[in-house]
There are 2 protein chains.
Amino acid sequence: MTTLTTKHQPALDAAIDALHGRTFFAAFPENPSPEIYGADADARGRAYFEQQRGQHFTELLQAEPEAWVGQEETPYEQAALGIKYPFFSPETLISRAQTAFTAWRKLRPAERAALLTESLEGMKERFFDIAYATMHTTGQAYMMSFQASGPHAADRALEAIAAGYEEQTRFPEETTWEKPMGKYNLTLLKSWRAVPKGVALVIGCATFPTWNSVPGMFASLVTGNPVIIKPHPKAVLPIAIVVAEVQKVLAEHGLDPNICQLAVDADDRLITKDLAESPAVKLIDYTGGNQFGEYVEGLKGKTVFTEKTGVNSIILDSCPDLDKVAQNLAFSVSLYSGQMCTAPQNFFIPETGLKVGEEQVPYEEVVARLSNAVSGLAQNPKAAPHIFGAIQSSATHERVQQLALNGGRSILAHGPVDNPTFRNARTCSPSIQELDASQVEQFSQELFGPIMLIIKTKDTQESIRLAAQLAREHGAISCGAYTTDEAIKEQIMDEMSLAGTPVSFNLTGSIYVNQNAGFSDFHVTGGNPAGNASFTNPEFVIKRFTWVGFREPVG
Amino acid sequence: MTTLTTKHQPALDAAIDALHGRTFFAAFPENPSPEIYGADADARGRAYFEQQRGQHFTELLQAEPEAWVGQEETPYEQAALGIKYPFFSPETLISRAQTAFTAWRKLRPAERAALLTESLEGMKERFFDIAYATMHTTGQAYMMSFQASGPHAADRALEAIAAGYEEQTRFPEETTWEKPMGKYNLTLLKSWRAVPKGVALVIGCATFPTWNSVPGMFASLVTGNPVIIKPHPKAVLPIAIVVAEVQKVLAEHGLDPNICQLAVDADDRLITKDLAESPAVKLIDYTGGNQFGEYVEGLKGKTVFTEKTGVNSIILDSCPDLDKVAQNLAFSVSLYSGQMCTAPQNFFIPETGLKVGEEQVPYEEVVARLSNAVSGLAQNPKAAPHIFGAIQSSATHERVQQLALNGGRSILAHGPVDNPTFRNARTCSPSIQELDASQVEQFSQELFGPIMLIIKTKDTQESIRLAAQLAREHGAISCGAYTTDEAIKEQIMDEMSLAGTPVSFNLTGSIYVNQNAGFSDFHVTGGNPAGNASFTNPEFVIKRFTWVGFREPVG
């Protein structure tokens, strides 16, 4: 392993430096251009995906499947993919993970880090395969499918590897401890081991099958825990490719591929609870809805990282240019049709309107400008398909169609987003509804999908109070705020920080509140009920192992 | 605060270096000699304690007490101390903590660290006051009272301050993030805040009122959380003095003393549950029994650090000199009459006896040598009072007196430990009982106090299996092992590490399995049911605050 560790040490060191510096860093280019990834990279990815349809996925190195199962559908065609994955019972998966544990935990952290970094190099070769797999499971548009599931996910994975490696090597492996006792010194040889917690489970979601799963997967692996990846049954292929790449590297180095297993639900049997409740499973990473998330958090004797739902707010107070703000926010709600955990939902606007430069723009005009910006995007035939993508599940589509808020005023009706390439795509433009600040119960839950609520408040103070209250009580993953007033800005920072919610101020142009950069932006750090996924602050890796010390007199 | 931060920065830097190096480090001398602490330091401490008896404790800066209460008794006289402390209702304590929160959290980490380090300088001046207070509440002998409650506790507190300061300053406060976008760079100013979680509660125990409480107290404080210290009603004075020293420093710097409050039970009202269950309380540090510990761990929405009970094992396989081993182990069970969380309880001895040098010493002789060493210590009139101290509670005394193990054989009966200075001291020498390895349920619970169980096993393999199983299933805080076989040693390290239990090998002479050094030995790191107190690995401080980021376009 020496060659491998030496080869990957510079990448790890650069990643650790980036984690600490938090300036811009990306190990994997986000631009899918032929100059970077090769002239036929895109075509090969597309061909891979087409060939995979209707076939068994045979890339995994997990022996003796008990069945072949698959339930994926592409939202772009509203048709089954027909890809079948090997099914294993929870008992088999856990027993294999336990068998694989010993050899994996006995490697040195640097060796595990090198092997995992090597597997990311393999993942990089598959970015276009993963992109088409993501597109046709989640409904993301092509560019997001490539970036979020490929380079951005790989960066988050590398970040987790680097953080885990750093924490495990933060203290000496051994040292001589010499205590002066007056006439002599008492000397002990002390040593310490970072002991992995045990079998880890990663439960994926349907919308971001790699971005949300690889951090926990690589964090558990680098800290010596065998991992079982249980994707959402509707979004298996993207992460299956990643698992296959990890298994390939493990096997190449004579290690048991079951150190990292893929687990799929059978068509007639959901296995997540069986896995989660197994006493052998010590670590769980979960992305998904609140109800199941709270069940996972309530399991005894597990270390759990969750990303559940939140109610994200935009606080509008003042700005120099309202059109730029409207454009930026319209894009944020439209990107992947609002199916991002970081997408804004509640837009708090004072009834007195907004101070725009020296002018006071009335409330109704602000609402109209926002609404027009949204409908303008949805009706832009060239841009819309690439922004909105498709709706992952019919449940999300139905939620928008059936949205009936008690006492709400409809500002903009939802509608289809025309997609000339995929005529049968499941699409939906945002539904905009207005509510009064007093109707808190109407806007205090996440309405996942292209739903935008405008909340009319008395003033910015009420906007801040409500945004912070919702974040504290119901969770929030992002917050956007527009203000030219330094005192208001500091107040928002202070109050939202107590609600554990990061804030993006005054975003215009091509940077959006939804976006989250590896090596710089912490993600769901645990300060509110939206979860404690903790990408990637030290907590994310430290909680996956235990320090144990040994000591013995010398001589 | 600049002067204060500058003044204490070298101490903090040295402490951080020590945490990382894990070689011997002590900021506070453990030797209570007049040369170090002054000719009359001891006499002043003794006089302070005597003056305090029967009086109100008036050193706290907590206004308007609702009553004056106190329940302490000295185990050395089996008599009430008569010291009364100000009582405040849980509502008052929490409301004052919340009021104090804002100013405290808005200080910079370096400022909080400096203030707290300053308060440890104040604590140092009180080491002898604290020593006598500890002696006459816990029953510890004088030397342990001084060392454990004074310098060792202060070292653990400094360790927590240093770790908390380091973690909060580990990432930049702000940075310019510049992402190349092809034709231009996207530039954001990003900043981050370490946001404290909220009101913290520290629940103390009756045997180590400062050593077990100051780490959580200072860890929560340095990370910006206001703290309520709720000591065990039988051991208030030692920690009350520490709280008073913190409050003094806070007041001297114009800060609200309620940042760090003492909370005591009224004689007719226990307030711990009211405090723990308050939604405002976000952090709890707990030391004590299992049942209450599990209740605390089960509270929703809290970050909890616990040190509960464990079943500590000694594995005897082989050694060069059995008498040295017997002396060392006899001391370990006798020190403070076995009332230490790290005291060994279960001694696993193979039925074939021990390999001692080239000789095989039969089982019964090993048992006899251990028993003789224990009775020799207990009957040593000069040494015994200074080793055994007194029994803190009558419940512990009764446990030893009434010990009746189903199927056990009595090896050595308990008895009084004569104390010429305190004729009415509640004392008890160890009861040694023998059990067979098959009687697991008899030795799988902590029997707190001077109780030593000898477990006759088939061989060392069975000893290791049982020690690891007990640690995994019932918790363990320490483990001692004696072996001259390198393979056995590695096996013990491996199996006990998976059970999250530190192991001391082949201790003889004046170093004991019970002892635990700040800046070097991790303590209760969370790998088994004994708790997750985590002194002081990074987890201990990281979980007390949340990283929250902010970003805004530049220019």
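**The chain contact**

Guide: This is a predicted model. The contact draws 49 residues from chain B and 49 residues from chain A.

Visitor: Which element of chain B gives the most to the side that touches chain A?
Guide: Elements that each supply at least two residues of that side include α1, β5, β6, α18 and β21 of chain B. The list also holds α19 (539-542) and β22 (545-553) of chain B. With eight residues, the top contributor is β22(B).

Visitor: What relation superposes chain B on chain A?
Guide: The rotation is 180°, with 0.0 Å of shift along its axis, and the RMSD is 0.0 Å. That makes the relation one of a two-fold axis.

Visitor: In chain B, which C-alpha is nearest the axis?
Guide: The same surface serves both copies, as 100% of the contact residues of chain B recur in chain A. At 3.4 Å from the axis, the nearest C-alpha in chain B is that of Glu539(B).

Visitor: What distance separates the centres of domain 1 and domain 2 of chain A?
Guide: Domain 1 of chain A is 2-308 + 534-553, and domain 2 is 313-505. Their contact takes 14 residues from domain 1 and 16 residues from domain 2. Taken over C-alpha atoms, the centres are separated by 33 Å.

Technical notes
Residues are numbered from 1 along each chain as its sequence is written. Chains are lettered from A and ligands numbered from 1 in the order in which they are written. This is a predicted model: local features need pLDDT of at least 70, side-chain atom pairs count only at pLDDT 80 or more; totals for chains, interfaces and linings use all residues. Copies are superposed by least squares on the C-alpha atoms of residues with pLDDT of at least 70 in both. Two residues are in contact if their C-beta atoms, placed from the backbone, lie within 7 Å. Domain bounds come from an automatic or database domain assignment. Helices (H or I, at least four residues) and strands (E, at least two) are DSSP runs, numbered from the N terminus.
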